[in-house]
Amino acid sequence: MNMRNPLATARGLGSAKEGVHHWYAQRASALLLIVLVGWLIFAMIRLSGADHAAASAFIGQPVNAAFLILLIVTLLYHAMLGLQVVIEDYVHQPVLEVVLHFLTRAGALFGMAIGIIHVLKLALGA
Amino acid sequence: MKAKPRPLSPFMIGPYYKPQMTSLMSITHRASGVFLSVVGAPLLLWFLIAVSSGPETYDAMLNFMGGWIGSVLVIATLLCLSYHLLNGIRHLVWDTGRALEIKTAYTAGWVVLAGTVVLTAILLGVLL
């Protein structure tokens, strides 16, 4: 007779109420991106033909800097989840698959760090 | 004992199924998403780096975007962005269990395609 709590064997192995996390996160980030990309379109229209001074002043505004940081994080997170599914579906060579999953996640995190730092630099006037 | 090879359902895109708007738009949604991840997002980051690095870097970036390679990348990014945004909304509506009838799915598909052309044209008109 097995005296182990069934939960202990389920956690981390099966669908311990986490089965829809990826699906849900993809859609939640998509919803956020509708708003954030709407803002991006507004920003592109505002910045078309802008010189350097105008562009850095625009990004330096606290509201715009906040929108940009949110956009960068949400966009790269959504891209990471999407690329993950594409790799899972079409790449069947195990080594290549693991390498691509690693590069996708590392690239997304690196992009977030770079983006946030440059926006903060403009916003804080460093 | 070797397992007998089981029959597999063939992939939707290819010689076995008639190409349909629904399947073609679905694979295009993925392709545009991959393009936005691999080209679009780096372009956005490059823009931010160029602005924060100073006027020379900013002008060099604008110069590249105005050249023919840059223009092709920017136009393709705007096209993918418009399509992925509008078709993404179509997918989100489907996820609520609505508009799944074949006729509605096709109508929404045409709306997305027309909207993509209009939105891309507006963005190009503003940015060029």
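Mentor: Before we turn to this predicted model, one term is needed: a crossing of two helices is left-handed if the near helix is turned anticlockwise from the far one by less than a right angle, and right-handed if it is turned clockwise. By that convention, the crossing of H1(B) and H3(B) is left-handed.

Trainee: Why are H1(B) and H3(B) called oblique to each other?

Mentor: The two helices pack at an angle of about 130°, with their axes 8 Å apart. Roughly perpendicular covers 65 to 115 degrees and roughly antiparallel begins over 145, so H1(B) and H3(B) are oblique to each other.

Trainee: Which residues meet in that pair, and how do they divide by class?

Mentor: Among those in H1(B) are B:Phe35, B:Leu36 and B:Val39, and among those they meet in H3(B) are B:Leu73, B:Cys80 and B:Tyr83. The residues of this contact divide into 10 nonpolar, 8 polar and no charged.

Trainee: What makes H3(A) and H4(A) roughly perpendicular?

Mentor: The axes of H3(A), residues 52–60, and H4(A), residues 62–90, come within 5 Å and cross at roughly 80°. That angle falls in the range of 65 to 115 degrees, and the two helices are therefore roughly perpendicular to each other. In their contact, A:Phe58, A:Ile59 and A:Gly60 of H3(A) meet A:Asn64, A:Ala65 and A:Leu68 of H4(A), a set with 4 nonpolar, 2 polar and no charged residues.

Trainee: What makes up the side of chain A that touches chain B?

Mentor: Here 26 residues of chain A are in contact with 21 residues of chain B. H2(A) supplies the largest share of the chain A side, 8 residues, and by class that side has 17 nonpolar, 7 polar and 2 charged residues.

Trainee: Why is B:Ala99 called partly exposed?

Mentor: B:Ala99 has 13 C-beta neighbours inside 10 Å; exposed would require 12 or fewer, and buried 20 or more, so this residue counts as partly exposed. B:Ala99 lies in the loop between H3 and H4 of chain B, and its phi is near 60°, a positive value in a residue other than glycine.

Key. Residues are numbered from 1 along each chain as its sequence is written. Chains are lettered from A and ligands numbered from 1 in the order in which they are written. This is a predicted model: local features need pLDDT of at least 70, side-chain atom pairs count only at pLDDT 80 or more; totals for chains, interfaces and linings use all residues. Axes are lines fitted to C-alpha atoms, for helices over the stretch in contact, and angles run from 0 to 180 degrees between N-to-C directions. Helices (H or I, at least four residues) and strands (E, at least two) are DSSP runs, numbered from the N terminus. Angles under 35 degrees count as roughly parallel, over 145 as roughly antiparallel, 65 to 115 as roughly perpendicular and the rest as oblique. Two residues are in contact if their C-beta atoms, placed from the backbone, lie within 7 Å. Ala, Val, Leu, Ile, Met, Phe, Trp, Tyr, Cys and Pro count as nonpolar, Asp, Glu, Lys and Arg as charged, and the others, Gly among them, as polar.
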